[in-house]
Amino acid sequence: MLIENVIGAFGEVVQIKILLLMALGVLSGLIAGAIPGFTITMAVVLTLPFTFGLSTVEGLSTMIGVFVGGLSGGLMSGILTGIPGTPSSVATTFDGFPMARKGRPGLALGIGVWSSFLGGILSAILLMTLAPQLARIGLEFGPWDYFSLVLFALTITASLAGENLVKGLIAGALGLLVASIGEDDINGVARFNFGTDTLKQGFAFLPVLVGLFAFSQLMNDVQDNTTARKPLMEKGAKAVRVEHLAALRAIAGNWINLIRSSLIGVFTGILPAAGGSISNILAYDQAKKASKRPQDFGTGCAEGIVASEAANNATAGGALITMMALGIPGDIVTAVMLGALLIHDVVPSPSFIGDQPVLAYSIFLAFFLANFLMLGTQAIALRAFLMVTRIPMYMLAGVILAYCAIGVFALHNVTFDIWTLFWFGMLGYVMRQLGFPLAPMILGVVLGGIAEVNLSRALAISDDLGLFITRPWSLFFLIIAIFSMVFPWYQKHRGRKIWTLGFLPALCLSLAPPLFMMGGIPRPIVAGMLLAIGAWLLVSRHRQGWKLELPEEHEVHLEET
């Protein structure tokens, strides 16, 4: 049945006209994603009117091309300038930009491009094979579960803060404070507006993001005449090429990270209103926690680029799963695509894939092929984009800032957003100078509103706080949140303190109960496996007498003596 549907969709999609439209859409998405302030949503919305005269498959294939290209396009500006082109490429800048500044922009771009491609392909495979089954997970989530998920995501602040934990927590709290300014989304009550109508609308996320990252980075790069006259990178005057083979070797050494990050992206995409802005940071955090060299993250580590880019492109597949199988848009982009389907008298629902399999699998196949077109188009586009490394910073700063202002203004057509960009740019510059990490603040701004809305909805439905523990998904994320908060101390004292020997067994045993509570067949089986692993670890630790592993420097010292 699956093979027949794929063959039927192949005949619908693999046509010269559709492939050209998809290639044009991918190129448009790459350009929109690479320009800070121009969002993927904006690009897809602008594409929508041009699809009215096209068939359903042609129109949706074009928009999927824009979607895929935009998700991958953000890495170009993020790696080369340190300014994320889209919110879904924020975590890419953490290691991509330092690697480029060290004189390896070709390797950083290669890792980003191939990770985006492979993450998209993995999610496309899941989209084509498991769409109806995976989509049911989204239906299980209520406001209690969303709040617990966001609470877990906020614990990532500790990982993003690095050595400056206190400053990172302060930055995260400041981000939550910024998210609370303006009218309450549920009750419409104005907060922290100081009697001015302008602040009632609050601060839009995109101007805050662009201001903190773009404006502050540009000010830092042109703060004196010497740095302002330098090119973007010290080796920028030399010919730069994308190092595809070296990138593939780096990704091959991180294949577990690639698969894990792709699955995180798909899972996050399935959840309505989550999206790539959350998945790339979640994947980056998990990659850092699982790494044998977490101290290298933030200095130009390939693992960080792989995690972020694989996750954000895989998110697209997860969002399409929810839209196609349930008729629920996973994010703003898929909401626009849902509108395009409705314009063509196609109504996605749980029976849509079974009722119109050729059309459904045509959309799946278009997403699959768009990733290949993205790979080829971006490989060519990067050669032109790399020319920015030769431009002096004072010239580049003016152009980038102009594009940022135009993009931010076009978002809502209000000048207040431009002032927001300026204010938060100044704040970001001061925070950089004082050693405060910007990533936790961005995390607070992104997640603060989502947490507040879902907490209000949960309390409006029921004032029983016990539901946060009795609902299995909520309990699952709360348990992970607790262990996530403890993890930095575990990583620091692993092999030195006795309590660290019980961390992994406790994690396995704690996650089993909520999985048992979910019912069905697969999840209780996974819960049983976790119980077995936890018990085995406890028994093995007990047999070894809870003996600590000798730190490496002590082992070297003993060998020398």
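Predicted model: local features only at pLDDT ≥ 70, side-chain atom pairs only at ≥ 80, totals over all residues.
Residues are numbered from 1 along each chain as its sequence is written, and side-chain values use heavy atoms, with hydrogens and water left out.

Of the 561 residues, 55% count as buried, with buried meaning under 20% relative accessible area, exposed over 50%, and partly exposed in between, for a 1.4 Å probe and protein chains only. If we take the contacts with a separation of 6 or more, 78% of them join residues 24 or more positions apart, a contact being heavy atoms within 4.5 Å. The protein exposes about 24200 Å², and carbon and sulfur atoms supply 67% of that area, which comes from the Shrake-Rupley method with a 1.4 Å probe, where for residues only the protein chains shown count as cover.

On the surface, Leu122, Ile125, Trp255, Ile256, Ile259 and Leu263 form a nonpolar patch with about 550 Å² of accessible area together. Patches are made of residues with over 30% relative accessible area and no salt bridge, with like charges joined within 9 Å and nonpolar side chains (Val, Leu, Ile, Met, Phe, Trp, Tyr) within 5 Å; a salt bridge is a side-chain nitrogen of Lys or Arg within 4 Å of a carboxyl oxygen of Asp or Glu. Helices α6 (105-139) and α13 (255-270) each supply at least two residues of the patch, and α13 gives the most, with 4 residues. Ile256, which sits in α13, has a relative accessible area of 49% and is therefore partly exposed.

Ile40 is found in helix α3 (residues 40-47) and counts as buried because its relative accessibility is 9%. Ile40 and Val66 are 26 residues apart in sequence, yet 7.5 Å apart in space from C-alpha to C-alpha.

Finally, the aromatic rings. Rings of Phe, Tyr and Trp (its six-membered ring) pair if their centres lie within 6.5 Å, with planes under 30 degrees apart counted as stacked, over 60 as edge-to-face and the rest as tilted; by this rule the count comes to 24 aromatic pairs. The rings of Phe141 and Trp473 have their centres 5.2 Å apart and their planes at 35°, so this pair is tilted. Because Phe141 lies in the loop between α6 and α7 (143-154) and Trp473 in helix α23 (residues 472-493), the pair ties together parts that are 332 residues apart in sequence. Phe141 and Trp473 are both buried, and they belong to one aromatic cluster that also contains Tyr146, Phe152, Phe267, Phe476 and Phe477.
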